[in-house]
4 protein chains.
Amino acid sequence: MKTTILVHCPDQSGIISTVTGFIHRNHGNIVYLDQHVDKPADVFFMRIVIEFADTFSNLDHFKSLFQEELASPYTMEWSLHTDDKLPKMAIFVSKYNHCLYDLLSRYRSGELAVEIPFVLSNHTDLKHIADQFEIPFFHIPFNKQNRVEAEKEQLVLLEKYEIDFIVLARYMQIVSGNLISKFPNRIINIHHSFLPAFAGAKPYHAAFKRGVKIIGATSHYVTEELDEGPIIEQDVTTVTHSHSIEDFITKGRDLEKIVLSRGVKLHIARKTMVYNNKTVIFS
Amino acid sequence: MKTTILVHCPDQSGIISTVTGFIHRNHGNIVYLDQHVDKPADVFFMRIVIEFADTFSNLDHFKSLFQEELASPYTMEWSLHTDDKLPKMAIFVSKYNHCLYDLLSRYRSGELAVEIPFVLSNHTDLKHIADQFEIPFFHIPFNKQNRVEAEKEQLVLLEKYEIDFIVLARYMQIVSGNLISKFPNRIINIHHSFLPAFAGAKPYHAAFKRGVKIIGATSHYVTEELDEGPIIEQDVTTVTHSHSIEDFITKGRDLEKIVLSRGVKLHIARKTMVYNNKTVIFS
Amino acid sequence: MKTTILVHCPDQSGIISTVTGFIHRNHGNIVYLDQHVDKPADVFFMRIVIEFADTFSNLDHFKSLFQEELASPYTMEWSLHTDDKLPKMAIFVSKYNHCLYDLLSRYRSGELAVEIPFVLSNHTDLKHIADQFEIPFFHIPFNKQNRVEAEKEQLVLLEKYEIDFIVLARYMQIVSGNLISKFPNRIINIHHSFLPAFAGAKPYHAAFKRGVKIIGATSHYVTEELDEGPIIEQDVTTVTHSHSIEDFITKGRDLEKIVLSRGVKLHIARKTMVYNNKTVIFS
Amino acid sequence: MKTTILVHCPDQSGIISTVTGFIHRNHGNIVYLDQHVDKPADVFFMRIVIEFADTFSNLDHFKSLFQEELASPYTMEWSLHTDDKLPKMAIFVSKYNHCLYDLLSRYRSGELAVEIPFVLSNHTDLKHIADQFEIPFFHIPFNKQNRVEAEKEQLVLLEKYEIDFIVLARYMQIVSGNLISKFPNRIINIHHSFLPAFAGAKPYHAAFKRGVKIIGATSHYVTEELDEGPIIEQDVTTVTHSHSIEDFITKGRDLEKIVLSRGVKLHIARKTMVYNNKTVIFS
């Protein structure tokens, strides 16, 4: 069993040695350690991957010791993740299919270490893809009138299937603050521009109008401020005057699916931490 | 002598065949032709490079025929450029030296087919670099009080040295509408962000605060709207949470000098056309 | 109906004007023209896209005139393609599924203007994917003993379904000279390295051993010299010391599928020409 | 004073905690720690940056303790570097000037934390650039007859000026095994291709002939096998059929200077380690 610990706390001298000493004493072998200090904020971040020795027996005991000896004195925010249980990922979509095809293909290839209990959509256009990959599909229409009711239905599903995190794979509805608060830094969106350029609707049209020479895509955690959440991953591709808006959209699709899947994989691997609306991405 | 013709006009059937036929009849051999139709605007763009046969004699005659037989009937905007005279390029700088070093190194290496009659600055910090490369340096201080007067001095120099175009190589003053109107699409600026993201002052600080994973630079023609002019060239580089603002600035310097020099070279080679605040960049 | 003409011939003065004049006289409106001169070889290449006027009636007549008035006197190799009939593309695979998933997803999304009459494999591992996308799947085992017989079966299928071109989507068998000669510049392969680096087997292992900082993928036309055919498209991604061979393979998969699909789309759009074992790729 | 420690040794459990505990006990505050395990080779690598507390007094004592308590028992190869003395870097050039201009511009801008005691060349073509930047220039001609003698002169200079490492900034002579053995992993070369593609002479010509769509540059440590040394940094840029060999060379120059300077900066910052002819590059 591989165990990943994520920590952040006020920066102070001796943390690394204290934490690594603790793990060593408690029969853990550190197979990976990376740290970062956010100097302006004076905050220390660390990701450690441990393999426990045969002599190790009790994870709960380890966790309570960690809290007592390290987390409390150092005022740490921390989490511990073991790889013996796959996280559950829900996919929300609307009408564009490229990100859904890509995620489900990767899933079937064994590239994503998750379970996908369902795909949810406000339309039925992509049901055949979920069917084709044999993933349950739920259709919850969404409009101005039924907004509250529809979200209630979503929450029932998310709870029933014990969803750990949500991927918005070109889901064209705004997610409510209520839902976000239940999945803090656990809703990943793909925005089809190089944020903060061209936030909001129709970014390819805006990019075309501005005459940029590079377009991009951004995967980010969803916060209440639209397209303003912590950025996980970005990538770009070149365009020229000879590309039409349709060309932008076609080229962009490839970016979107790659950038979204990279973001999802970093999240699954517990390589992301969020602080001050920014991410620390461990390699 | 190589002759380059740039044309744009309302799109209509038969233009290419009419223009190429005209050139052929008038003893020109087309060694390069590229065209573009801006569909939304219904405008046709063409760049042609010609080598004239020995039997050709009179460029002025060719130009008046071109105007009469083609430009007038097709309502063309056009220009013709020969390579027997180097364009004159003025460089404006303030305190950052990397773009100036880069441009002057390229110039001395024979990479830029221009003359550089002078470097102009509102500070004296970079005088030693102009001296080192043996380029005349003019210091015209610029402040709120002397703005009008200073610009008058600039204009005198630009006129006296018959400057064709201006390169703002990290020149930290806003250029007036008056100066811009005298050099329409002939002032090239480097902005240290991936426009339209982070227009205005301190883009690296803004990029750092937003937590982007990619930073960029943009060379563009200067218009009255700050950082809103037609984009010539853009490039980007990746950054991570581990990079400080100082790292952004250092990495950005390499982008800035490369992106500015590419923009300058495209302009010198007459490979740029401007329409509707966008560029057509011929390859 | 949009008509694309591809031409190459010895370079000589006046070709562009002659060809464009011919098209104009014969009721064609040129909506796109790009040309290239291979200086060392002294060969002229041109791609023209035409929309014919309502007054145009007879394509066969146009073609015979083109041959007579242009192709014969200028010693042109040329081809003409109309978009009223979709080309037929066969996909050959073995055991890796990412390129197949990607191609079939694009196909179902309407991104590839082809018909896919069948997927062929020397294994049955990927049959379920063809099934899932409702594409006929043929299994033709391949080994040292049955090589000649197996290829005969392939040729029967290719002929029966009137296949225009073949995509080797990580097909792990060497294609025979006989098959190649029947599909000259019409078999597209994806090689999982930045050719000519790491030609041959196990390129990711070789790249890992060499300690490169960038890995790549290459789509190319298949010729008798293994991994030596004309390159259509290449792309790369960065790697570091911290990436294992498995990481190279995972990162490479994304490159492979993107680079292969770009190559396939350029081929479908008739934007590729081959000369001297190199490609001209029109934009 | 900032102190950097580089370590590699056989991988074993508890190293990180042992080393960090040692540093903490000896009044060091770890401001940066990164580690890597080369799994196939079973070797552990670590880079630590320390700031010592005011209570710390004796670096020599620290070093002998480190050797005794850590390096000996764990069979470590290690080195310790303080930033109170600038390393001395010699630049070797021949006739191409772009890398020299770039390095000296960066040096004068304060971007490179080194001293540059001299530029050495087998030609006099670039003397004016060294003069212009006020760096001593030594001309040591090199030919088949005087090879041994010339290298002896080089070694005299390298010793006299106490050179720490050498940068071959497009130096077109092969460096002898004798010189390499005196500067192991301390001679940095720039090769104008994406190694291992196009090793040896005239890589741009070879790339042009092969029809690649991407060209690159590689900075690497020099070993006795030509162009086979450990790669520090690589980058690439796209090319098309429309680029001539001259265009390749011009585009390549920008790559070369950027990739060389990145390699040099990584070396200066002690972010590189070499093992099994590969580099570990700490970020």
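This is a predicted model: local features need pLDDT of at least 70, side-chain atom pairs count only at pLDDT 80 or more; totals for chains, interfaces and linings use all residues.

Visitor: How is a pair of packed helices described?

Guide: Two packed helices are described by the angle between their axes and the distance between the axes. Take helix 1 (residues 15-25) of chain A and helix 1 (residues 15-25) of chain D: their axes are 8 Å apart and the packing angle is about 140°.

Visitor: What does that angle make helix 1 of chain A and helix 1 of chain D to each other, oblique or roughly antiparallel?

Guide: Only angles over 145 degrees count as roughly antiparallel. Helix 1 of chain A and helix 1 of chain D are therefore oblique to each other. Their crossing is left-handed.

Visitor: Which residues make the contact?

Guide: Chain A contributes Ile16(A), Ser17(A), Thr20(A), Gly21(A) and His24(A). From helix 1 of chain D come Ile16(D), Ser17(D), Thr20(D), Gly21(D) and His24(D). Sorted by class, this contact has two nonpolar, eight polar and no charged residues.

Visitor: How many residues of helix 1 of chain A are buried?

Guide: Eight of its eleven residues are buried, so the helix is mostly covered. Among them are Ile16(A), Ser17(A), Thr20(A) and Gly21(A), which also belong to the contact with chain D. Ile15(A), Val19(A), Phe22(A) and Ile23(A) are buried as well.

Visitor: What do the buried residues of helix 1 of chain A pack against?

Guide: Within chain A, they pack against strand 1 (2-10), strand 2 (28-38), strand 3 (43-52) and helix 2 (59-74). From chain D, helix 1 and strand 2 (28-38) take part. Just after helix 1 of chain A, His27(A) has a positive phi of about 70°.

Visitor: Now a pair inside one chain. At what angle do helix 7 and helix 8 of chain D cross?

Guide: Helix 7 (residues 203-210) and helix 8 (residues 245-268) of chain D cross at roughly 125°, and their axes come within 10 Å. Helix 7 of chain D and helix 8 of chain D are therefore oblique to each other. This crossing is right-handed. Helix 7 of chain D supplies Tyr204(D), His205(D), Ala207(D) and Phe208(D) to the contact. Helix 8 of chain D supplies Ile245(D), Phe248(D), Ile249(D), Gly252(D), Arg253(D) and Glu256(D). By class, there are six nonpolar, two polar and two charged residues.

Visitor: Which polar partner does the side chain of Thr218(A) have in another side chain?

Guide: The side chain of Gln234(A) makes a polar contact with the side chain of Thr218(A), at 3.0 Å. Beyond four places in sequence, the contacts of Thr218(A) include Asn189(A), His191(A), Ile231(A) and Val259(A).

Visitor: Where does Tyr221(B) lie?

Guide: Tyr221(B) lies in strand 10 (residues 214-221) of chain B. With a relative accessible area of 1%, Tyr221(B) is buried. The side chain of Tyr221(B) makes a polar contact with the side chain of His267(B) at 2.6 Å. Beyond four places in sequence, Tyr221(B) is in contact with residues including Arg186(B), Pro230(B) and Thr279(B).

How values were computed
Residues are numbered from 1 along each chain as its sequence is written. Chains are lettered from A and ligands numbered from 1 in the order in which they are written. Side-chain values use heavy atoms; hydrogens and water are left out. Axes are lines fitted to C-alpha atoms, for helices over the stretch in contact, and angles run from 0 to 180 degrees between N-to-C directions. Helices (H or I, at least four residues) and strands (E, at least two) are DSSP runs, numbered from the N terminus. Angles under 35 degrees count as roughly parallel, over 145 as roughly antiparallel, 65 to 115 as roughly perpendicular and the rest as oblique. A crossing is left-handed if the near helix is turned anticlockwise from the far one by less than a right angle, and right-handed if clockwise. Contact means heavy atoms within 4.5 Å. Ala, Val, Leu, Ile, Met, Phe, Trp, Tyr, Cys and Pro count as nonpolar, Asp, Glu, Lys and Arg as charged, and the others, Gly among them, as polar. A polar contact is a pair of N or O atoms within 3.5 Å; within protein, one must be able to donate a hydrogen and the other to accept it, and residues adjacent in sequence count only if both atoms are side-chain atoms. Buried means under 20% relative accessible area, exposed over 50%, partly exposed in between (1.4 Å probe, protein chains only).
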